[in-house]
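Keep the sequence and the 3D view side by side as you read.

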Amino acid sequence: MTPQRDHSTARSLAELGELLEKLDGRGYKDYKTLQATSFFAAGFVVAIDHVQGDPFADPSRLRAFWDAAEAGLPDGALATDDALRASADFLHRRMGDSFRRASSRIGTGAGGLLETPAPVQQVLTRSAARVGENGGVELRFRVGLPARGRRILGLEAAHLLCETLPAALRAVLPLGDGDSAALLDHVRCVEDAVALRGALEPGGLVAFVADGAILPRRSGVDDHPMARADAVPFRSPEGLRVMIDTPHSGEVGGMGIPAGVTVIAGGGFHGKSTLLRALDRGVYDHRPGDGRERVVAVRDAAKIRAEDGRLVKGTDISNFIRGLPSGADTSSFRTGNASGSTSQAAAIAEALEAGARCLLIDEDTSATNFMIRDARMRRLVPAADEPIVPFVDRTRPLLEHEGTSSILVVGGSGDYFEVADTVLVMKAYLPHEATTLAKEIASASDGAADAELHPEAPEWQPIRPHPSPDGAPRTDRRDRVRVLARDRVRIGRTELNLGAVEQIVSRAQTRAIALALVRLARDRNPEPALLMDAVARLVDVVQRDGLDALQEHPTGDLAEFRMGDLVAALHRLRT
Ligand code: ADP
Ligand code: MG
């Protein structure tokens, strides 16, 4: 979509300043005279789309527009769709930096604040920044209009809108020479990551980790890379090293994880979970300097975990759990309070329905009884008395019938050696290939007794798809979506917890997903027969018309999301 602006009615900054000074001392509502107006600053136009109702409300919504000549972006910034996405991300970060310096508190409430959603380490398409193919730029942000109590601070407002804000925007665009180089680095980094991801499927791989990558983070709550001095850079094991050609960095060497079943073993604290986390983030591109710029996974790879207490709304978990003593039907399983194993089974079935070609599972966040049943336990409790078909018996059928690979962190059970195509052992944060050794160990153990204890698991059945989405959450106003945290959002009176949907990386994604859920519940005319048809239809609309298709007013508050994460959220929504 090409950013648009309308010069015809824009006023000068001087006029705006006079207007604001006249408003000084008047009631806050008089700020509304600014709504739907625009003004020229040197080099760009600012539009005031919506004025907040009071000093404590969400700050007012504004946009700034540059045409191509004014923005002056280098050609490389516009060459491909990925370049446009990366350029917009770069400008969004610059806006965030500039606003942090220029923002201040004036008077009551949010007065004086200049806001845009916080960036994350991933490069996401956001509604806050768009670069058009022609080189025009649109940025969206919020400004807190200043007041003392409910009286307008007109002089302060004039200073804020006529001086502080234009200066802050001029610090974003146009770019200086050094800035253009940084922008092009950003673009190249993203284009290389896209090329690496694009090479996965043709190369029979589901993920790739480049040599030299920095996987560990500063802390559980800080997604910046661990300091170089402390982090052990990634080095691929000999047997799995591949080279992938990239447009800007030539051949990049690293570990290719083949499609199939991959087990990541190794002692505690040796970096298994850190590797898996980097892979689950590899569905996105990363900013230069993140350390994971060249760590990629297939776009629909799904991180799966147990989540006791979750809601399950008619998911077919019968491939994993059947014959419950309660007699409950597990081919359309419903509960308001799932156990560890049923929640994990539901997460897998739902991910498969949404098209996941690779599952990422960590023992740290799995239900043990879902993952394994050892020989002694199989002796004590025969398969006929055990409703759970452990995942170890399902990895091969998943691959054969659904074409879905698994990457599993298992430090606690050698049962997976049997079913693995690839076994890695993490040692002091570095992977070593151990497939042959693991296979030897597996075949040396008591094979005959094992065969008797491992009767064929029941045949894999195609997952029964969900029928069309059920009712709407209890809200009738679309703007009743409130994001409380990355993993918590209120939709009307319903609170949705997305703590277990771990691949949502930003609050702006959470907001977009929540709006998509409201839309899905409403747009049921004509009603599609299957839930996934309704989801696919909505995803197509967003693909075609952009994130703005989800909102009535242009805000900068949204970011792209994956279909699988939307589906995961949908299944957790109480209606
Ligand atoms: P595991 O899952 O094998 O028990 P983790 O992945 O949780 O281990 O890692 C244990 C600790 O080691 C974490 O604090 C993590 O930040 C740190 N760590 C992981 N990888 C590296 C690395 N490459 N360099 C330095 N520290 C690392
Ligand atoms: Mg771990």
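**A partly exposed threonine**

Thr-125 is partly exposed, because its relative accessible area is 37% (buried means under 20%, exposed over 50%, partly exposed in between, with a 1.4 Å probe and protein chains only). This is a predicted model: local features need pLDDT of at least 70, side-chain atom pairs count only at pLDDT 80 or more, and totals for chains, interfaces and linings use all residues. Residues are numbered from 1 along each chain as its sequence is written, chains are lettered from A and ligands numbered from 1 in the order in which they are written, and side-chain values use heavy atoms, with hydrogens and water left out.

Thr-125 sits in the loop between strand S6 (122-123) and strand S7 (129-131). Helices (H or I, at least four residues) and strands (E, at least two) are DSSP runs, numbered from the N terminus. What does Thr-125 touch, leaving aside its neighbours within four places in sequence? Its contacts (heavy atoms within 4.5 Å) are Arg-85, Leu-547, Leu-558, Ala-559 and Glu-560. Take Leu-558: 433 residues separate it from Thr-125 in sequence, yet the C-alpha atoms are 8.6 Å apart.

Strand S7 itself holds Arg-130. Arg-130 counts as buried because its relative accessibility is 17%. Its side chain makes a polar contact of 2.6 Å with the side chain of Glu-138. A polar contact is a pair of N or O atoms within 3.5 Å; within protein, one must be able to donate a hydrogen and the other to accept it, and residues adjacent in sequence count only if both atoms are side-chain atoms.

Now turn to the sheets. Strands of a sheet pair through backbone hydrogen bonds, either parallel or antiparallel. Here two strands pair if DSSP finds at least two bridges between them.

One open sheet has four strands, in the order S14-S15-S11-S18, with antiparallel pairing. Strand S14 (241-246) and strand S18 (295-297) each have a single partner strand, so one side of each is left without a neighbour in the sheet. Neighbouring strands are turned by 35° against each other on average, direction ignored. Inside this sheet, S11 (205-210) and S15 (250-258) pair over five bridges in the antiparallel sense. Leu-205 has Pro-258 in S15 as its bridge partner. Helix H5 (177-198) lies across S11, S14, S15 and S18, at about 130° to S14. Axes are lines fitted to C-alpha atoms, for helices over the stretch in contact, and angles run from 0 to 180 degrees between N-to-C directions.

Another open sheet has six strands, ordered S19-S22-S23-S16-S24-S25, with mixed pairing. S16 (261-266) and S23 (405-409) pair in the parallel sense over four bridges. Thr-262 stands opposite Ile-407 in S23. Helix H6 (272-281) lies across S16, S19, S22, S23 and S24, at about 150° to S22.

Finally, the ligand. Which residues are closest to ligand 1? Of the 14 that surround it (a heavy atom within 4 Å), the closest are Val-232, Phe-269, Lys-272, Ser-273 and Thr-274. A backbone N or O atom of Val-232 is 2.8 Å from a ligand nitrogen. A polar backbone atom of Gly-271 lies 3.1 Å from a ligand oxygen. Lys-272 places a polar side-chain atom 2.8 Å from an oxygen atom of ligand 1. Alone, ligand 1 exposes 570 Å², and the protein buries 75% of that (Shrake-Rupley method, 1.4 Å probe; for residues, only the protein chains shown count as cover).
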